[in-house]
Each structure stands twice: as structure tokens, then as C-alpha cells.
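Work through the exercises below with the model on screen. Each task is followed by a solution in steps.

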2 protein chains.
Amino acid sequence: MVPKIDWNNVGFDIKRTDYMYMMKCTNDHEFRQGQIKPYANIELDPAAGVLNYGQGLLEGMKAYRREDGKIVLFRPDQNALRLKVGAERMCMPCPSLLEYNSTCECPTLIPPAGKGSLYLRPLILGTGPILGLTQAPEYTFLIYTTPVGNFLKEGVNSYFNLYIEEEYDRASRGGTGGIKSITNYGPALRPLMKARGNGFSEVLYLDSVSRKYVEEVSSCNIFVVKDNVISTPPTNGTVLPGVTRKSIIEIARDHGYQVEERLIEVKELLEADEAFCTGTAVVVVPVSSITYQDKRVEFQKDIDSVSKKLLATYVAIINGHTEDEKGWISVIN
Amino acid sequence: MVPKIDWNNVGFDIKRTDYMYMMKCTNDHEFRQGQIKPYANIELDPAAGVLNYGQGLLEGMKAYRREDGKIVLFRPDQNALRLKVGAERMCMPCPSLLEYNSTCECPTLIPPAGKGSLYLRPLILGTGPILGLTQAPEYTFLIYTTPVGNFLKEGVNSYFNLYIEEEYDRASRGGTGGIKSITNYGPALRPLMKARGNGFSEVLYLDSVSRKYVEEVSSCNIFVVKDNVISTPPTNGTVLPGVTRKSIIEIARDHGYQVEERLIEVKELLEADEAFCTGTAVVVVPVSSITYQDKRVEFQKDIDSVSKKLLATYVAIINGHTEDEKGWISVIN
């Protein structure tokens, strides 16, 4: 039932695992009777809030197997906190931190050390039926998992060629860009398909008011390096407060870099020494080109880049080769 | 199994009917084998596009029973066209107009003439599983139905007390405000609950850039009347092109009114003679007050209003008391 996996060739797509975790919550806003169940389709009323009005939140985390066999998670408390903020914005109940953490002990299919990770996808969904726009009367908290390879492979996928989008927005100031609402992603498909169709890897969005400042890639944060100063857009509502983003900022400061969270104009990005993206799926990925209007700027590859240095420290913390001084690592077995 | 219904006291909530319509579509983008099935939960992979990335569209229509027993739909072609535009924006396949129309012949539980209508809720959902952000590999087109009462009842629900929202946005220029994406609604729950908690019926949103122009109520369009001129915001991407909106504009012009689709500043609305909202659920509902910042403006009630006159014509076309010169009525049995 669960396929045999060639760990040297695992990509970033869905491979069913044995189990998923599910718990429900009705009007009293208390999740209860969570249980690990065989992975299976879930049943939803066609009038469920998530299907009709997009009342849903997602998270993304990775579990890694270390060489000594220990299974570790990276800062799951940060995902739990972000989920809580998001649930409040989307008028949904949220499991407690304790409930959340207890669900992360997924026993199956974590790739061998160095070969990838187990991607965990927590969801809170408005599963109760409604007709008029209002809160759903029932919610489901669910975690499914799938083994994924290391995102960075040699060759085409090891760099991002970004296209700066001027027609579509990702988020507006009073919207949901600062939380992991499922509603941020469906609308991003059209610009993403357009960019991919034109040979780009990803879309870089600008602020929706002036279309002058860099905000975020479809599902990762962006960093700019100029004269050894690292800058990234602030997370003031339109930019997702990425856990990798936050950690990379700390790692960079530990390495002695000056890191600024501030508005970044497109032209600054185009004149940068280096740019890179961070996210749970991609971890840290360097940008090899930026295309804005009809101008394409190429960044130097295969240099001793800042992003490589920061990624190396990040990976060393996860695999235990560098001491976890900040208490970022959660050992789950 | 289907409850006995007191047709004099039907509200706008979910009442399960016997049947629903469903058809599926895979990568070839052809919907096929649509069938009427008993109303039931649908099964979804936890990794379905709609649950993780909000890839979904909705529609809303009403079927009415006339005094002579005929069942009629109001301009279903308009909903089908809007669905097609929305599907393109959300990177989803869409049933043809013919397929769409053939699905509207729902046999059950249409209220007696004058007592309400059967609300039809078509959905296109990305039901196939994905992990990274991309188009779902399978789609489901589904229509469920529920009998609803006449929205306008005497008393509290017969007028809207609107709150003008300045913290949250409904749509940005490059977003999905102009289509019926499910992603437009979940983010609107927080402002709606806040407004309702403060005694308002609904939220009126401003444009997300200048926060100066009136755009739309959570799920209906707004009209302003001043010196017998009717104005409504243009549908240029951030405002939903409502079928009732479009029809009321035509009816108003037939009544000899000048109707302008143009940007409307908040202060114009506050100084209007009359304001009203239109939508499939609410049809035409007069506004009794607008609250902006700390100012509350009351409109005169129980006057011989423009909205009453337009609603009367709209209702007469539906129940067959006025000839359907425009071919808006589709008789389905």
C-alpha cells in the first residue's frame, strides 16, 4: 500500500504515507479526540465553509532523520504560533500548542539521513456546512505527511529565475498576506503558470499600492545582499513571517552580518550583489536572475555566496553538526 | 430524510435537499459523466488543491416557482459566463454553457410561488491532490441546492445598516475581487463578525489603494441615488460583476433613470438621498444607515424609494407579471 521509495530520487510531490492525524471541533471551540488514522480521503459536506468560502489555513514543517537515528523537527513552536495568529484572522478555532506539538510525532517514512525529510502539512479547515457567509459550525485539524527530497538539486532547480509581476498582486494591506491562509495561494496560480510558461521558476510580487517595493515570492521570502548588508522586506501584514526567514536572519546576525528588515525598492534588488529566497519547502535557494519589465539581471553563480554560508549553518543545526544553542531543535523520538 | 418545511418561515440557511449534481474532470480538461446523485458528503484527498491552496469558485442562482407552476431561473447564462471568466483566472477547467445549463434542472423542493426560491450553489473545486503550489490534477463541478425564504422580511432584516471598513480590504487591483473565487470570502469573515458584533448588518469595503472610494459589500453590490441619478462602482477587477447589479442597471434605465458606473467617494455616499444593495441572495435591499469613522448617517425609511420601484419590476419579471422582453427568464420544466 505504501510504495517503495528510491530515496536518491525523491522530489517535492505527494507520496501517500500510512497515517494522518485528525481532530474535530464544534461550536465550543475545543478540539478533542485527536487520533492517528490510516491516510484516507476525508468526507466533507458540499456546503462546508472551506469549499464555499475558503475558510482554511495551512502550515508546512519538515522532520529530519539524523545520522544517529534521532528524528528532529525545526522550531515547530513557531509554526504553531503562526497557525494561532492565522486562525484568529480567519475566525477559526486553533489547537493549543500542546495539542499541536503532540501531533507532530508521525512515525512513518522519514527519509534516511541526508536524503530528504518528511514534510508535514497541518491544516485547519472549516468543515461544517453553511449557506450565507459566516463561520463554519465545525472545524477539522488535520496533519498529513509526505517524504520529500532535498529541494536543492544540482542543475536547473538549484537556482531561481524570478519574474517580477506587475499585473497581479499577492496581498493587500488589509488582506491575509501575513498569515498562511489557503486563500493566498489559489489566486497566485495564474501568475505562476504564466511565469513558468515563460521559463521562469517563480514570481516575485510587489506591494499592491505603489508596485514599487519588493514583497514576496509565491511561497517564499526574499533577501537581498549589497556590500555585505542583508535586507529583507518587513512582515507588516502583506509578507508571510516565514520561520526559515526568521531563523536565517538570526543566523546571519550570528555570522556578524548587518540585517535590515525594511522596504526594498525594485531597483535596489536589481543592483544587489546577491539575492536569495527562504521557505520551508525551498530552505535557502539563491536567485540567478531577476526579470523586471523587459530587463533581465543575472547574478553571479558559483561564488562563495552569503546564502551558501547561511544555508550551511542552518543544515548543520538540523543535522546536529553544530550545537543547537537557541533551542530550535525538537527531538521527537 | 428531507425535512417537512414551513414555507412561511424559511430563512437563508442550509436545508438538505434530496439530490445534487456532480461531474469530474481530469487533466484533459473535459468534464464528463455528470450525474444527479443523492445529496451526500463528498470524498476529498487531504492534499486536494481546494483544501490546501483555495483553488475553488462558487456561483449562486435562484429557481422560482410561478403561480402557474412553471419553474424559472433568472439569467443562468450570466452565471455560466462569470464562472468561465473565474475559472480562467483560477487556472481551472469550466463546464460548457450547455453542460452548465443542463445541470440547472433540479427537481426538488422549490418553494410555493411567493414563498421563496430554491437557491442553487454551483462549485468548481480543485479536488485532485498536490503538494507544491500548482494546478490540481482533478476538478469537480458540483451543484447543491437548498430552499430559501424571501430575504427581505419585515423588521430588522429589511434594511442594511452598513459599516465602512478601513482596516481590512476585500480585494486589490491585481487580485480576484472581480470573480467569485472562494478566496474572496474567508478573509471577509473577521471584518463581518466584528461589524455584526457591533450591531451592523454588513461591511462596506473601500478600494485598497486610496481607501477613498466605495467598492462593495461582503457579498453584494452597492448603489447610490442622488437627485434621481443612480450610481454604482465600476466592475474593473475589484468589484464583482453581479448579475442582479447588471439587471437592476438595465431596469433602472428602462424606468428612465440616468445610471452611472463610476468611482464613488465615501462622502458622496454619505450625502446621498438613498442607497441600496443588490445580490443573488439579498436581491435588492435598502440601506438604512452608513457608519464611517465615528459618523452615522441615517437614510429615510418607508419612502417611495427608487430601490422599491426597481425591485418591484425585477420581481414582476420573475413571477411573470411583467413581460420578459429581454429574454432573461429561463423556464426549466
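**Exercise 1.** Find how helix α5 (residues 243-254) and helix α7 (residues 306-319) of chain A are placed relative to each other.

Solution. Step 1: the axes of α5(A) and α7(A) come within 10 Å and cross at roughly 105°. Step 2: α5(A) is therefore roughly perpendicular to α7(A), a label for angles of 65 to 115 degrees. Axes are lines fitted to C-alpha atoms, for helices over the stretch in contact, and angles run from 0 to 180 degrees between N-to-C directions. Helices (H or I, at least four residues) and strands (E, at least two) are DSSP runs, numbered from the N terminus.

Step 3: from α5(A), the residues A:Thr244, A:Ser247, A:Ile248, A:Ile251 and A:Ala252 meet A:Leu310, A:Thr313, A:Tyr314 and A:Ile317 of α7(A). Contact means heavy atoms within 4.5 Å. Step 4: sorted by class, this contact of α5(A) with α7(A) has six nonpolar, three polar and no charged residues. Ala, Val, Leu, Ile, Met, Phe, Trp, Tyr, Cys and Pro count as nonpolar, Asp, Glu, Lys and Arg as charged, and the others, Gly among them, as polar.

This is a predicted model, in which local features need pLDDT of at least 70 and side-chain atom pairs count only at pLDDT 80 or more, while totals for chains, interfaces and linings use all residues. Residues are numbered from 1 along each chain as its sequence is written, chains are lettered from A and ligands numbered from 1 in the order in which they are written, and side-chain values use heavy atoms, with hydrogens and water left out.

**Exercise 2.** Describe the packing of α5 (residues 243-254) and α7 (residues 306-319) in chain B.

Solution. Step 1: the two helices of chain B pack at an angle of about 110°, with their axes 10 Å apart. Step 2: α5(B) and α7(B) are therefore roughly perpendicular to each other. Step 3: the α5(B) residues B:Thr244, B:Ser247, B:Ile248, B:Ile251 and B:Ala252 meet B:Leu310, B:Thr313, B:Tyr314 and B:Ile317 in α7(B).

**Exercise 3.** Is A:Thr232 buried or exposed?

Solution. Step 1: locate A:Thr232 in strand β13 (residues 229-232) of chain A. Step 2: A:Thr232 counts as buried because its relative accessibility is 0%; buried means under 20% relative accessible area, exposed over 50%, partly exposed in between (1.4 Å probe, protein chains only). Step 3: the A:Thr232 side chain reaches the backbone oxygen of A:Ile222 at 2.6 Å. Step 4: leaving aside neighbours within four places in sequence, the contacts of A:Thr232 include A:Phe223, A:Arg245 and A:Ile249.

**Exercise 4.** Which residues of helix α4 (residues 189-197) of chain A are buried?

Solution. Step 1: they are A:Leu189, A:Pro191, A:Leu192, A:Met193 and A:Ala195. Step 2: these buried residues of α4(A) pack against β9 (160-165) and β10 (202-206) of chain A, together with α2 (76-89) of chain B. Step 3: after α4(A) comes A:Gly199, with a positive phi near 90°.

**Exercise 5.** What rotation superposes chain B on chain A?

Solution. Step 1: a rotation of 180° with 0.0 Å of shift along its axis does so, with RMSD 0.0 Å. Step 2: the two copies are thus related as by a two-fold rotation axis. Copies are superposed by least squares on the C-alpha atoms of residues with pLDDT of at least 70 in both. Step 3: the same surface serves both copies, as 100% of the contact residues of chain B recur in chain A.

Technical notes
Angles under 35 degrees count as roughly parallel, over 145 as roughly antiparallel, 65 to 115 as roughly perpendicular and the rest as oblique. A polar contact is a pair of N or O atoms within 3.5 Å; within protein, one must be able to donate a hydrogen and the other to accept it, and residues adjacent in sequence count only if both atoms are side-chain atoms.
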